[in-house]
Amino acid sequence: MGLVKKKAAPELAPVLAPAATGARPDPLASLEDADAAVRRDAAHALGHAALPGAEAALARRLQTEGDAGVREAILTALARIATPDAAAALVPFLDREDAALRNAALESLQQMPAEVAAPALLPLLDHADADLRIFAVQGLGSLVHPSRADWLARVMERDADVNVCLAAVEALAEAGSPEALSSLETLARRFPGDAFVAFAVDAARSSFQGR
Amino acid sequence: MNGLTDAEPEGLSQEDYATLCGFLRDRTGLSFTEAKRYFVDRRVAARMQAVGATGLRAYMNLLRFQASGEELQRLVNLMTVNETYFFREKYQLDCLVNSVLDELVRGRPKGARLRIWSAGCATGEEPYSIAIMLLENWRRVDDYEIELLASDIDSAVLERAREGIYDERALQGLPAHLRAKYFQPLRGAAEAGGPRWQIVEDLRESVDFSLVNIADPQQVRAFRGIDVIFCRNLLIYFDDLGRREAASMFHDALAPGGFVCLGHSESMSRMSSLFVPRRFPDAILYQKPVDGGAA
């Protein structure tokens, strides 16, 4: 035993020919295959050659998919398709009990271009569920978009839930957004008795001012 | 048809550059940002001249539709970076022989098979280093059948890996007694670029090299039931989504409880949530959950 000796080395088979990456079974149909590996490949294929209806089919499969690898492939495919429909298809998963699925859906939205992800996330800032508003803040806070600081400032000035506001402070502090200083001061005044708000605002203020 | 121009590659417009890079990313996973423009432009210009392409449009048609895929392979061979050496980031190899393998074989009968895959093996220093580490430092090496697989997307470096011929720079991290044991000096090879050594035949026969595009799930599907994947300093050439896809394919290729070893600057937690980080005395590796991570 020990190291297994290979048989005679074969010629290196071509791997970049169109045939090697081309003709495949219909990925929309394969998405419902009994074999998880086939479903995963189908999701991958849809991410690279988005077919009409792909977003809805991927989202539908994601609702019932039990294999972690296939779920990940679907979430990555939706991030790669990155159409408004793909972003919209991910939003309902932010509300799921399954924390891993929630986080992965948010990650997919964050990996989309800002101009696609933002319209899907912005309406959530007005959702009744504070947890969903926190997800929206985290998602919007990671986007590269000229209105990013304005969105987060609005949260700090208006949102009734202190945890949502603190998520906005955290997002602002990570990127350093001195233009949001006045909104930070407003937040400190809105929750005068909250020691953690005072601490977070002070930390963000210091980071903006380079201290 | 896209809006490609027929301009010479030195003058690639931003749009042409984006089209070319998008094509390469889609086919290979390799991601080239604007910062790599000089690197890409020079190599594309060289290949266009070599095949006599009159413009980028003609060259892209060749890349897309050539039945053999030969030109795309040649271009990819020029685009990959293959700088490595023996026992690179040795602490991870120490981790393999000091901790990981013992954990993997726990409960397995003698004679069972272990499969180790070096993905992105370049000129072979990594898989041969793994082989040497196993033979020298894992006391149970003879109790198991150990299959060493190695792959790369670059056909030229794989031919060199199979030859197993190295110069002084590649061997600098190797102790003298291991060089004497596993390498033979090549006579008459000193004129060109200094002395060179070849891996002994027995070791060359122990690594199974194959040409694999890890951006293509159909090709990765050939790798199943892998116990440890070494993929070090390869995914840094992929974009975020490409890394996430590659991580997903590794997850699929691994046996439950199998491990991924990434480069020291890479972190699986920034790519995928499919793996669990495991801290060993020598290094941190990423493990596929034993239950496969079923929801």
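**Close-up views of chains A and B**

**View 1. A β-α-β unit in chain B.** In this predicted model, strand β1 (residues 113-119), helix α6 (residues 125-137) and strand β2 (residues 145-152) of chain B together make a β-α-β unit that is right-handed. The two strands of this unit, β1(B) and β2(B), run parallel and are joined by seven bridges, and within this pairing I116(B) has L148(B) of β2(B) as its bridge partner.

View 2. Strand β2(B) is mostly covered, since seven of its eight residues count as buried. Besides its pairing with β1(B), β2(B) pairs in the parallel sense with strand β6 (residues 207-211) of chain B, over five bridges, and here A150(B) stands opposite F209(B) of β6(B). A pairing across the two chains is also present, in which β1 (2-3) of chain A and β2(B) are parallel and share two bridges; in this pairing L3(A) stands opposite I146(B).

**View 3. The contact between chain A and chain B.** Seen as a whole, the contact involves 36 residues of chain A and 48 residues of chain B. On the side of chain A that touches chain B, the elements giving two or more residues are β1 (2-3), α1 (18-21), α3 (36-48), α5 (68-81) and α7 of chain A, and the largest share, eight residues, comes from α5(A). By residue class, this side of chain A divides into 18 nonpolar, nine polar and nine charged residues.

**View 4. The two domains of chain A.** The domain assignment of chain A gives domain 1, which covers 24-112, and domain 2, which covers 120-211, and the C-alpha centres of these two domains of chain A lie 30 Å apart. Their contact takes eight residues from domain 1 of chain A and seven residues from domain 2 of chain A. On the side of domain 1 that touches domain 2, the elements that give two or more residues are α6 (84-90) and α7 (99-110) of chain A, of which α7(A) gives the most, with three residues. The residues on this side of domain 1 of chain A are six nonpolar, one polar and one charged.

**View 5. Helix α9 of chain A and its surroundings.** Helix α9 (residues 130-141) of chain A has 12 residues and reaches 16 Å from its first C-alpha to its last, which is close to the 16 Å expected at 1.5 Å a residue. The buried residues in α9(A) are R133(A), I134(A), F135(A), A136(A), V137(A), G139(A), L140(A) and G141(A). These buried residues of α9(A) pack against α7, α8 (114-121), α10 (148-158) and α11 (162-175) of chain A.

Technical notes:
Residues numbered from 1 in each chain as written. Chains lettered and ligands numbered in written order. Predicted model: local features only at pLDDT ≥ 70, side-chain atom pairs only at ≥ 80, totals over all residues. Domains from an automatic or database assignment. Contact = placed C-beta atoms within 7 Å. Helix = DSSP H or I, 4+ residues; strand = E, 2+ residues; numbered from the N terminus. Nonpolar A, V, L, I, M, F, W, Y, C, P; charged D, E, K, R; others polar. Expected span 1.5 Å × (residues − 1). Buried ≥ 20, exposed ≤ 12 C-beta atoms within 10 Å, placed from the backbone. Pairing = 2+ DSSP bridges. Right-handed = clockwise from strand over helix to strand, strands pointing away.
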